[in-house]
Protein chains: 2
Amino acid sequence: MTQSLLDVALNRWAQRTQLPAEDLAALRALPFTRRVVERDGFIIREGERPTSCSMLLSGSAFRQKVVHNGARQIISFHFPGEFMDLQSCLLAANDHGVQALGACELAVVPKSVLTDLIEQRPALARAMWFDTLVEGAIFREWVVNVGRRNARAKIAHLLCELAVRLDESASDDKIYRLPLTQEHIADATGMTAVHTNRTIQGLRQEGLISLAQGRLVIHDWNALRSIGDFNDLYLHRSGPSTEAA
Amino acid sequence: MTQSLLDVALNRWAQRTQLPAEDLAALRALPFTRRVVERDGFIIREGERPTSCSMLLSGSAFRQKVVHNGARQIISFHFPGEFMDLQSCLLAANDHGVQALGACELAVVPKSVLTDLIEQRPALARAMWFDTLVEGAIFREWVVNVGRRNARAKIAHLLCELAVRLDESASDDKIYRLPLTQEHIADATGMTAVHTNRTIQGLRQEGLISLAQGRLVIHDWNALRSIGDFNDLYLHRSGPSTEAA
DNA sequence: CGAGCATTTGAGTCTCCTCAACCCGGGTGG
DNA sequence: CCACCCGGGTTGAGGAGACTCAAATGCTCG
């Protein structure tokens with residue numbers, strides 16, 4: 001069961017990064033151990049030195065930093081088939097924390113085992129580099145989102161990103177399960193929970209979305225996309241550039 | 001003259017990423033061509049497909065995205081010895097633009113030449129991956145900065161980062177030359193130019209900084225650091241993790 | 001059925017924005 | 001050599017979006 005979850009997750013990652021089959025096989029052969037983290041539990045702690053690297057198998061998670069006055073900023077969300085801490089392969093200390101959004105299963109491998117494999121397999125290194133480039137592109141878009149959009153657009157944009165990353169089906173009335181509270185949305189968009197609440201109510205009353213009890217429904221994708229000024233180019237869904245040129 | 005600028009820039013990058021000498025030599029041997037960009041000129045255009053990769057030799061530059069209503073968000077600043085578009089090696093399209101802050105000199109190399117070299121030299125791939133990991137860490141901190149700090153703290157934090165990246169000398173009264181307008185600072189912190197102006201005046205009147213005509217002086221580093229809630233961990237100045245573990 | 005968390009509501013406030021005008025120094029051209 | 005122009009900086013007044021504080025409501029789970 002867990003083994004099959006691992007396969008699914010690794011396959012998803014390999015497909016996204018266009019990792020060759022033999023490198024995927026090598027990755028799959030690593031001595032992963034299973035780890036379960038409950039809701040709100042820490043997956044990675046800020047300030048510590050990383051010793052392992054983990055892939056999310058089920059559940060969801062988010063990166064965060066806290067500022068001096070105690071306020072929290074969420075920096076990204078993560079879903080099954082994503083590495084949580086590729087940066088730990090090369091960075092000496094964790095500059096931020098990662099927490100479970102809902103209960104999570106992780107496949108953990110010692111950092112040194114992974115770095116050894118990377119040295120042997122250039123295609124794997126390339127796939128990981130691609131992964132962190134895409135992550136960087138998402139961070140850039142988040143800077144824009146929290147910096148230059150109003151409340152409505154911030155939330156609309158965030159929901160669009162989550163929807164695209166969770167599912168590429170283009171049908172209307174997309175439905176997603178996400179144990180996301182309004183406080184999470186507030187911390188991800190740089191707003192307060194109260195104002196987030198009022199803004200979401202606005203979107204609901206216009207019939208654009210439903211959002212309650214961990215269930216997000218997007219009723220009018222085009223409208224939401226337009227309100228959120230959303231363009232999915234930055235997600236680089238089409239994979240790494242393959243031009244030989 | 002230009003050749004020596006290139007050497008200085010490559011050396012700086014190699015030192016930061018701890019690139020072995022022989023890989024640096026291989027990098028230096030690439031057929032770079034020189035390019036000059038005037039103030040505010042585009043170095044990389046959003047939406048285009050990258051065909052080359054460039055290192056900044058002199059001057060300074062910034063990444064930016066514009067949102068639907070025309071507002072601009074600056075996402076990062078760049079200085080000599082930094083690659084401007086490592087992401088172009090693997091991403092198919094530019095999801096943002098890069099502009100010259102002041103007049104710039106660049107060393108440009110075709111993307112394919114660089115990617116060929118990367119395939120031959122794992123240590124170079126590793127150094128580039130490290131570079132983009134650090135860039136990602138900076139983006140994360142920027143999300144926090146624009147999302148969860150007030151005007152004073154935003155500007156103080158930005159100036160602290162620029163100071164550390166421009167110079168690691170620990171002396172008080174650090175002086176920096178930067179062709180930075182208040183509008184740039186506004187766009188980098190997600191504020192308006194008017195409010196940026198008033199906030200800077202506040203910092204000036206308290207004797208913390210001088211900032212005029214492209215000259216930034218930090219009179220009280222500790223105070224500025226404290227106001228900006230600045231901790232340089234995220235800049236990962238100590239280079240890639242070297243543990244074999 | 002109560003505990004605890006998430007959501008909702010209200011009222012008052014403040015930070016930051018908008019718009020508009022003015023200043024200032026440096027470069028240019030008559 | 002002075003007048004003008006222009007980009008950047010500064011100032012003022014008014015407004016609005018978002019925040020704070022506080023309390024009430026509603027869900028879900030023991």
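1. In which sense do S4(A) and S5(A) pair, and over how many bridges? The two strands are antiparallel, and 6 bridges hold the pairing. The model is a predicted one. In the hairpin of S4(A) and S5(A), 5 residues lie between the strands. Among the hairpin residues, A:Gly70 has a positive phi, near 100°.

2. S4(A) and S5(A) belong to an open sheet of 4 strands in chain A, ordered S2-S6-S4-S5, with antiparallel pairing. Its edges are strand S2 (42-44) and strand S5 (72-78), each of which pairs on one side only. On average, neighbouring strands of this sheet are turned by 35° against each other, direction ignored.

3. Strand S4 of chain A (residues 61-66) is also joined to strand S6 (residues 97-100) of chain A, by 4 bridges and in antiparallel fashion. A:Phe62 faces A:Gln99 across the S6(A) pairing. As for cover, 5 of the 6 residues of S4(A) are buried, so the strand is mostly covered. In a regular strand, side chains alternate between the two faces of the sheet.

4. Over all chains the structure holds 10 aromatic pairs. To describe such a pair, one gives the distance of the ring centres and the angle of the planes.

5. Helix H4 of chain B (residues 122-148) lies across S4 and S5 of chain A, and runs at about 135° to S5(A). For the interface as a whole, 56 residues of chain A are in contact with 56 residues of chain B. About 5,000 Å² is buried between the two chains, and carbon and sulfur atoms give 64% of that area. On the chain A side, A:Leu90, A:Trp129 and A:Arg148 lose the most area to chain B, together 19% of what that side buries.

6. Each chain has a lysine placed over a tryptophan ring. In chain A, the charged end of A:Lys174 sits over A:Trp221, 4.1 Å from the ring centre. In chain B, B:Lys174 lies over the face of B:Trp221, also at 4.1 Å from the ring centre.

7. Is A:Val36 buried or exposed? A:Val36 has a relative accessible area of 52%, and because the cut-off for exposed is over 50%, this residue counts as exposed. A:Val36 is part of strand S1 (residues 33-37) of chain A. Leaving aside residues up to four places away in sequence, A:Val36 touches A:Cys104 and A:Glu105. A:Leu101 is 65 residues from A:Val36 in sequence, and the C-alpha to C-alpha separation is 13 Å.

8. Strand S3 of chain B (residues 52-58) is mostly covered, with 6 of its 7 residues buried. S3(B) pairs with strand S7 (residues 104-110) of chain B over 6 bridges, in the antiparallel sense. Within this pairing, B:Leu56 has B:Leu106 as its bridge partner in S7(B).

9. Helix H6 of chain A (residues 182-189) is mostly covered too, with 6 of its 8 residues buried. The buried residues are A:His184, A:Ile185, A:Ala186, A:Asp187, A:Ala188 and A:Thr189. After H6(A) comes A:Gly190, with a positive phi near 75°.

How values were computed. Residues numbered from 1 in each chain as written. Chains lettered and ligands numbered in written order. Predicted model: local features only at pLDDT ≥ 70, side-chain atom pairs only at ≥ 80, totals over all residues. Heavy atoms only, no water. Buried < 20%, exposed > 50% of the residue type's maximum accessible area, 1.4 Å probe, protein only. Pairing = 2+ DSSP bridges. Axes fitted to C-alpha atoms, helices over the stretch in contact; angles between N-to-C directions. Contact = heavy atoms within 4.5 Å. Phe/Tyr/Trp six-rings, centres within 6.5 Å; stacked < 30°, edge-to-face > 60°. Lys NZ or Arg CZ within 6 Å of the ring centre and 35° of its normal. Buried area = accessible area lost by both parts, 1.4 Å probe.
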